[in-house]
Amino acid sequence: MWVRTRAAVAGGVVLILVAVIAIWLVVRQVGDRLQLPALSRKCTVQADGRVALDADQMANAATIAAIGAKRGMPERAVVVALATAYQESGLRNLADGDRDSVGLFQQRPSQGWGTPAQIRDPRYAANRFYAALKKVRGWEKMRVTDAAQRVQRSAFPEAYQKWADDSEVLSRALMGDATGAVACTVGRTPAMHGAAAAAQLTRNLALDWGLKGLDPTDPTGLAVTPGDQRDGWRYAHWLVSHAQDHGVKRVRFGDLEWTARDGTWDRVTGQQNPAGQVVAEVFNEG
């Protein structure tokens, strides 16, 4: 009797372990689709397709795209980077993961990607990913999943491909190929207000895009003069993407304006910004 009981318990433990492993494999394959109910998503991107993300995902995607552009990488590289981060972390800056993996790309300190603190910096992580991708001979002509796999060495080499279409939509918007394509709603309590928000917004825009000469002392927000229309929409979409974490109230470029109140881009007349500037306003203190 005791022997049969022990055998039954052992069999039950084995079944539980098999079930846990099966669930883990499904989550790895399906990725972020299981984690985010649509109601939690506060940003929509429409650029020959539609993608819905929450505020954290949108901000991370915008930084990944900006770092790619800053490095002079082609738009295809941004698609590969976004698809990789989608699969590895759900576009979230994770504190842990499989074994010692951390961050957006689940890079591992034990494999020489950097310290955990470095890898948790989205700019550092994105720079390291693009540097590794650039070393892959012929990556430009590969499928998205093949190029990503050459960098990541994943146990699921086909997993990145399912994010290719969404990543292309995000890339078109964040690289300035679409107009008024990123729209986010901001909660009643943005993370920052006033002069602190304006200074941090200015600093991070400059760091992500490599911009010089921005005024970090304007307590109301910032203004940046783009080189052309495409650059203007790159900066405008980045600002909206970071609206929640930087307390952005309003962004205007040309005759279009996004507001946190409505969460949409609307046309304004007779109020175009001087010299084609992109202008952002932050929430006041209190």
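**Entry 1: helices on the sheet**

I started with helix α8, residues 194-209, in this predicted model. I found α8 lying across β4, β5 and β8 (278-282), and α8 runs at about 30° to β4. Next I looked up helix α9, residues 229-241, which also packs on the sheet. I noted that α9 touches β4, β5, β6, β7 and β8, and that the direction of α9 makes about 170° with that of β5.

**Entry 2: the sheet itself**

In what order do the five strands come? I read the order as β4-β8-β5-β6-β7, in an open sheet with antiparallel pairing. The edge strands are β4 (221-224) and β7 (265-267), and I saw that each of them pairs on one side only. On average, neighbouring strands here are turned by 15° against each other, ignoring direction. A reminder to myself: strands of a sheet pair through backbone hydrogen bonds.

I then zoomed in on one pair. Strands β5 (residues 248-253) and β6 (residues 256-259) run antiparallel and are joined by four bridges. For V251, I found the bridge partner W258 in β6.

**Entry 3: two crossing helices**

My last stop was helix α3 (residues 75-89) with helix α6 (residues 144-152). Their axes come within 9 Å and cross at roughly 70°. Angles of 65 to 115 degrees count as roughly perpendicular, so I can call α3 and α6 roughly perpendicular to each other. I also noted that their crossing is right-handed.

Which residues meet there? From α3 I listed R76, V79, V80, A83, T84 and E88, and from α6 I listed V144, A147, A148 and Q152. Sorted by class, this contact has six nonpolar, two polar and two charged residues.

Technical notes
Residues are numbered from 1 along each chain as its sequence is written. This is a predicted model: local features need pLDDT of at least 70, side-chain atom pairs count only at pLDDT 80 or more; totals for chains, interfaces and linings use all residues. Side-chain values use heavy atoms; hydrogens and water are left out. Axes are lines fitted to C-alpha atoms, for helices over the stretch in contact, and angles run from 0 to 180 degrees between N-to-C directions. Angles under 35 degrees count as roughly parallel, over 145 as roughly antiparallel, 65 to 115 as roughly perpendicular and the rest as oblique. A crossing is left-handed if the near helix is turned anticlockwise from the far one by less than a right angle, and right-handed if clockwise. Contact means heavy atoms within 4.5 Å. Ala, Val, Leu, Ile, Met, Phe, Trp, Tyr, Cys and Pro count as nonpolar, Asp, Glu, Lys and Arg as charged, and the others, Gly among them, as polar. Two strands pair if DSSP finds at least two bridges between them.
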